[in-house]
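Please open the structure in your viewer and keep the selection panel at hand. The tour below goes from one selection to the next and says what is there.

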Amino acid sequence: MTGLTLRSSRPPEADPGRWRRLSDDWSAERQTFRGASWRKAMMWIFLLSDTFVFGCFLLAYMTVRMSTTVPWPNPSEVFALEIGGRQLPLILIAIMTFVLISSSGTMAMAVAFGYRRDRTRTALLMLATAILGATFVGMQAFEWTKLIHEGVRPWGNPWGADQFGSTFFMITGFHGTHVSIGVIVLLVIARKVWRGDFDHGQRGFFTSQPGRYENVEIAGLYWHFVDLVWVFIFALFYLW
Amino acid sequence: MATQAGHAETHGHSIRLYLLVWGWLFVLSACSYLVDYFHLTGLLRWSLILLFMIVKAGLIVGIFMHMAWERLALIYAILVPPAALLVFVAIMTFEASYTLLTRLAFFGGT
């Protein structure tokens, strides 16, 4: 609550320029992130820490892939699917990518409608986001099942370097967990929006604090981050 | 609370902008898929993959996550620390090359 009063006390001064504002924000003895609320700043900092988690996974993957003397399995063939008698490389992964990007698009629009206090559209778009996210997790479960049937294990696989399995399950498993948690968060927030909790200042069951439509944006930040991580996994793990 | 609600509206986040970014993300993803589909290899392959990856990440962070409208204090606090990962990449590249070299030298490439 203190953050709120500090933030709104910003005088309507002339624009001093971005660099001057940067040094002012950091050197003034008060809240550094003046444009962002406490909740939003903390979500960003959490996402920063998560960036390091995924960064370290991808780094570990890079290290084992570079240092193994056994050839790395070709992801283009490993993740190929036969559709209509044709062997399509990486097709499932491509569809998963499009699904996740679409969910990010609907999420961004949900945030915009949230700030317009359009309750119905916000809730429906969030629901669409959650459904797309659940579709993504379902496709990932299908992919895991297929690979496990083909003999991929964390300690070996039929096509090449043993480290392929461990890095694959580790990285996609952690990402899938993030997506699943995101789906749950989206559904919880969407229900609150639908009920009008953010219009009536209803107190949350967990924090006992009245929520605002900013909560939609914060859930959105997390969701876009999940999409962002997938961009890196797609490029570095599947396409490399 | 009024300032909170007004925050996004003053930036004029239009649905059109989001649809445009969405479209671009689709196009860029399709491009990176085509890189694999046409079996491009070598320097061309991974420069294209990295290019599409960075542009997509920029669009998501900048527009979808509203980073473009935040103050520099937050932007730098979030975007500068991951640069440490690049240093880590450099370190681990040396380490991995060294491991590979010793494996080849002592185990004869098996």
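This is a predicted model: local features need pLDDT of at least 70, side-chain atom pairs count only at pLDDT 80 or more; totals for chains, interfaces and linings use all residues.

Residues are numbered from 1 along each chain as its sequence is written, and chains are lettered from A and ligands numbered from 1 in the order in which they are written.

**Chain A**

The mean for chain A is 88, and 94% of its residues reach 70 or more.

Now switch to a cartoon view of chain A, which shows nine helices and two strands, in the order α-α-α-α-β-β-α-α-α-α-α along the sequence. Helices (H or I, at least four residues) and strands (E, at least two) are DSSP runs, numbered from the N terminus. The C-alpha atoms of chain A fill a box of roughly 65 × 40 × 30 Å along the principal axes. Among contacts in chain A between residues at least 6 apart in sequence, 70% join residues at least 24 apart.

Next, select residues 41–64, 90–115, 122–142, 168–190 and 221–239 of chain A, where UniProt, in an unreviewed entry, places the feature "transmembrane region"; UniProt positions are given in the numbering used here, feature names are shortened, and annotations may be inferred rather than shown by experiment. Residues 122–142 of chain A are 100% helix, with end C-alpha atoms 30 Å apart, and residues 168–190 of chain A are also 100% helix, with end C-alpha atoms 32 Å apart.

**Chain B**

Move to chain B, which has five helices and zero strands. Of its 110 residues, 20% count as buried, a residue being buried if 20 or more other C-beta atoms lie within 10 Å of its own, exposed if 12 or fewer, and partly exposed in between, with C-beta atoms placed from the backbone.

Select α5(B), residues 83–107, which reaches 36 Å from its first C-alpha to its last, close to the 36 Å expected at 1.5 Å a residue, where the expected span is 1.5 Å times one less than the number of residues. How many of the 25 residues of α5(B) are buried? The count is zero, and α5(B) is hardly covered. Just after α5(B), B:G108 takes a positive phi of about 60 degrees.

**The contact and the core**

Show both chains together: the contact takes 48 residues from chain A and 51 residues from chain B. On the side of chain A, α2 (18–27), α3, α5 and α9 each supply at least two residues.

Finally, turn to the largest nonpolar core, which has 76 residues, those with the most contacts inside it being A:A110, A:M126, A:L186 and A:F234. A nonpolar core is a set of buried Ala, Val, Leu, Ile, Met, Phe, Trp, Tyr and Cys residues joined through C-beta atoms within 7 Å. The largest share of this core, 18 residues, comes from α9(A).

Methods:
Two residues are in contact if their C-beta atoms, placed from the backbone, lie within 7 Å. pLDDT is the predictor's confidence in each residue, from 0 to 100.
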